[in-house]
Protein chains: 2
Amino acid sequence: MAERSLIFPAEEFRTRVARLQAEMSAQGLDALFLTSAADIFYVTGFLTRFWESPARPWFVIVPASGAPVAVIPSIGAELMGRTWMTQVRTWEAPDPTDDGVSLLAETLCDLLPESARIGVPMGLETHLRMPLADFTRLGERIAPRRFVDGTAAIQRVREIKSAAEIEKIRMACAIAGRAFARVPEFAGQGRPLDGIFRAFQSALLEEGADWVSYVAGAAGPSGYDDVISPAGPEPLQVGDVLMLDTGAVRDGYFCDFDRNFSVGPVSDPVRRTHAALWEVTEAVMAQLRPGMRAHDAHRLLVEGLAARGVAAGGGRLGHGLGITLTEWPSFTPRDGTELREGMVLTLEPGAWVETADGLRRLLVHEENIVLRATGAELLSPRAPETLPELN
Amino acid sequence: MAERSLIFPAEEFRTRVARLQAEMSAQGLDALFLTSAADIFYVTGFLTRFWESPARPWFVIVPASGAPVAVIPSIGAELMGRTWMTQVRTWEAPDPTDDGVSLLAETLCDLLPESARIGVPMGLETHLRMPLADFTRLGERIAPRRFVDGTAAIQRVREIKSAAEIEKIRMACAIAGRAFARVPEFAGQGRPLDGIFRAFQSALLEEGADWVSYVAGAAGPSGYDDVISPAGPEPLQVGDVLMLDTGAVRDGYFCDFDRNFSVGPVSDPVRRTHAALWEVTEAVMAQLRPGMRAHDAHRLLVEGLAARGVAAGGGRLGHGLGITLTEWPSFTPRDGTELREGMVLTLEPGAWVETADGLRRLLVHEENIVLRATGAELLSPRAPETLPELN
């Protein structure tokens with residue numbers, strides 16, 4: 001198992017920590033206190049599905065200089081010992097009387113002066129993955145050191161992907177691309193949607209996904225109503241549009257894109273809407289540049305759809321991507337995050353299909369890109385220009 | 001999709017809310033404020049893999065009397081609308097300027113008197129799934145109403161499973177049992193562990209899992225060193241013990257048990273250790289009774305292993321199970337939680353194999369049970385008494 005616990009060479013992690021420390025310095029932070037699977041994987045390379053169990057908290061402290069320190073349940077010592085990390089302290093978790101709080105307090109007090117400002121991700125799209133009562137207790141134990149909002153420090157660093165990270169995401173995208181190419185093998189008229197979801201997940205595994213953290217989709221006449229429901233047993237019918245969307249994981253990195261299929265011949269309203277989605281994606285990929293804002297990407301997509309005669313729908317129209325299925329920023333009218341070279345993003349325009357029966361149904365298109373100085377570079381194999389038909 | 005969004009009849013949820021409200025009343029809580037996927041699924045039936053995206057927070061408020069209120073991103077309105085919930089308020093998320101805080105504050109102030117004590121899960125095995133800065137802001141907005149620790153109210157209710165929940169877990173266990181029976185089809189000498197992990201996940205899907213939230217495992221000569229690592233490309237060798245462990249999900253409910261296999265003939269030390277694990281599980285299933293404590297189960301397992309000549313190893317020796325892969329309590333020396341009728345639990349004894357080369361390697365055994373007045377009832381198909389051999 002040694003090979004897979006060293007997904008990247010140690011140099012990759014040293015560079016990440018140096019970038020974090022530079023950002024922390026700029027923001028006057030003496031340390032970062034990290035609790036989420038994504039942040040801890042980013043700093044340490046510690047990759048396990050064991051996060052699925054809510055029983056145990058895990059911690060990494062990144063000081064202003066020097067090596068990061070992991071404070072973790074002893075059940076993880078073996079695996080953490082195979083990463084590049086040299087500073088690992090453990091306790092026997094879960095312990096209802098003291099679940100790491102004393103060890104953490106001691107570690108923070110060892111490492112940091114009393115004046116320390118310790119950054120914790122507290123902002124949009126973050127969660128504290130430890131019991132809130134323990135966090136409060138810890139804050140009292142380390143006073144006068146104090147916790148402050150450190151969201152920006154970790155986000156400004158993680159949002160710019162290294163060359164090695166981009167290759168991991170490209171690999172996840174290629175795996176999903178091969179699985180999408182096999183959809184006609186297991187989806188078509190009369191096939192129940194829940195069976196299609198299962199077969200699609202198997203196809204992703206067979207094509208090389210380590211695991212499948214996300215599959216969503218929908219099917220309905222000329223489009224769908226929502227994109228987050230689990231599948232039911234209803235069989236596909238002629239006239240349906242089937243959408244499958246996946247976050248497949250390889251080496252800890254996600255892809256996140258969907259594909260649409262017509263069951264039987266494509267109707268004219270669906271054809272027109274799909275063409276608008278495909279074209280606007282092409283156009284915005286050509287327009288995107290570092291220095292734009294997230295809301296600029298949203299505006300370009302909405303205006304591009306309107307110029308092609310369809311109305312945007314379906315919530316945000318793209319987002320970051322990497323260690324989690326979705327990362328900041330969000331392509332919405334209100335997100336002012338600067339788009340920078342090296343960001344991996346999804347372009348996810350949705351649009352309403354205006355059907356003959358007067359109902360509005362949704363189509364959502366999605367690609368994964370990396371933003372280069374010269375514009376967008378595709379990571380996902382491009383969706384076909386015309387909607388594929390299933391029998 | 002309507003069928004699968006109604007995993008239980010509305011009556012099941014009404015009963016859950018009534019039980020929560022009774023517990024809240026006993027603890028002097030005017031409301032519960034819930035943010036986790038598990039708690040929200042428990043109250044509403046809202047089931048989606050969309051939680052995999054950290055972008056959006058979701059909220060449910062359970063008042064002291066009357067119907068619960070969902071305060072959620074508008075992208076979930078369609079799916080929540082198909083559950084039994086009647087009170088649903090939405091906002092356009094993610095919104096970096098106000099991601100639901102105003103709508104939440106308004107809702108809480110509408111529902112609750114100024115004196116209200118609002119329970120939030122803050123204790124062991126809980127997390128607040130919303131940005132910490134927003135929680136602080138919300139607390140200021142709703143003052144003098146205040147948040148207090150409400151962990152016990154939700155845990156004392158959720159830990160007792162209804163008959164319908166027990167049947168869901170039994171179904172997940174049966175799916176995994178069928179997949180484990182197929183392991184000889186894809187595992188054996190020369191097969192790489194990562195390929196076995198992929199094939200096992202596909203088998204779980206083919207046997208009826210909706211998705212596979214957890215697979216772990218390990219392989220090594222006469223046992224293994226750790227049980228949480230991802231798989232590497234190393235092929236199985238004669239003399240290895242292969243362990244596979246899964247949390248497969250059906251209708252939102254987990255199983256969580258493992259199985260061991262010998263690659264080629266079983267060595268004597270492995271045979272002896274496996275026999276002790278199998279027998280101690282049998283013995284403790286016969287001994288467990290409501291009214292015992294979690295630490296009693298731990299003690300029975302440790303003493304039972306010692307009486308059979310092997311030393312317990314591998315951390316906690318069992319835990320709760322249900323909507324998440326692991327739930328409280330934990331079978332450790334320090335967990336005093338009372339074991340009650342209707343709890344679904346894992347018995348997970350681990351033991352050290354003392355090998356001829358002087359190294360200590362781990363074997364872990366696991367079954368899923370429901371605690372009845374008269375003792376343990378198996379939910380997982382019982383592991384074979386002798387370790388199965390793979391070719």
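Predicted model: local features only at pLDDT ≥ 70, side-chain atom pairs only at ≥ 80, totals over all residues.

Reader: Ok, so what does A:R334 form a salt bridge with?

Author: With B:D95, and the closest N and O atoms are 2.4 Å apart. That is within the 4 Å cut-off, so the pair counts as a salt bridge.

Reader: How many salt bridges are there between chain B and chain A?

Author: The count between those two chains is 6. Over all chains, the structure holds 62.

Reader: Which side chain does A:R198 meet in a salt bridge?

Author: That of B:D210, at 2.7 Å from N to O. This pair also crosses between chains: A:R198 sits in helix α10 (residues 193-206) of chain A, while B:D210 lies in the loop between α10 and β7 of chain B.

Reader: And what about A:E185, what's its partner?

Author: A:R182, also in chain A, with 3.3 Å from N to O.

Reader: Let's zoom out to the interface. How many residues of chain B are in contact with chain A?

Author: 77 residues of chain B, and they touch 77 residues of chain A. The area buried between the two chains is about 6,400 Å², and carbon and sulfur atoms give 59% of that.

Reader: How many residue pairs are in polar contact across the interface?

Author: The rule finds 29, with both residues at pLDDT 80 or more. On the side of chain B that touches chain A, the elements giving two or more residues are α1 (2-5), α4 (77-80), α6 (132-142), α10 (193-206) and β7 (211-221). The largest share, 7 residues, comes from α10(B).

Reader: What's the make-up of that side by class?

Author: The side of chain B that touches chain A has 35 nonpolar, 18 polar and 24 charged residues.

Reader: Switching topic: at what angle do α5 and α6 of chain A pack?

Author: About 40°, with the axes of α5 (residues 101-111) and α6 (residues 132-142) 9 Å apart. The crossing of α5(A) and α6(A) is right-handed.

Reader: Which residues of those two helices meet?

Author: From α5(A), it's A:V101, A:S102, A:L104, A:A105, A:L108 and A:C109. They meet A:D134, A:L138, A:R141 and A:I142 in α6(A). By class, that contact has 7 nonpolar, 1 polar and 2 charged residues.

Technical notes. Residues numbered from 1 in each chain as written. Chains lettered and ligands numbered in written order. Heavy atoms only, no water. Axes fitted to C-alpha atoms, helices over the stretch in contact; angles between N-to-C directions. Helix = DSSP H or I, 4+ residues; strand = E, 2+ residues; numbered from the N terminus. Left-handed = near helix turned anticlockwise from the far one by under 90°. Contact = heavy atoms within 4.5 Å. Nonpolar A, V, L, I, M, F, W, Y, C, P; charged D, E, K, R; others polar. Buried area = accessible area lost by both parts, 1.4 Å probe. Polar contact = N/O pair within 3.5 Å; in protein donor to acceptor, adjacent residues only side chain to side chain.
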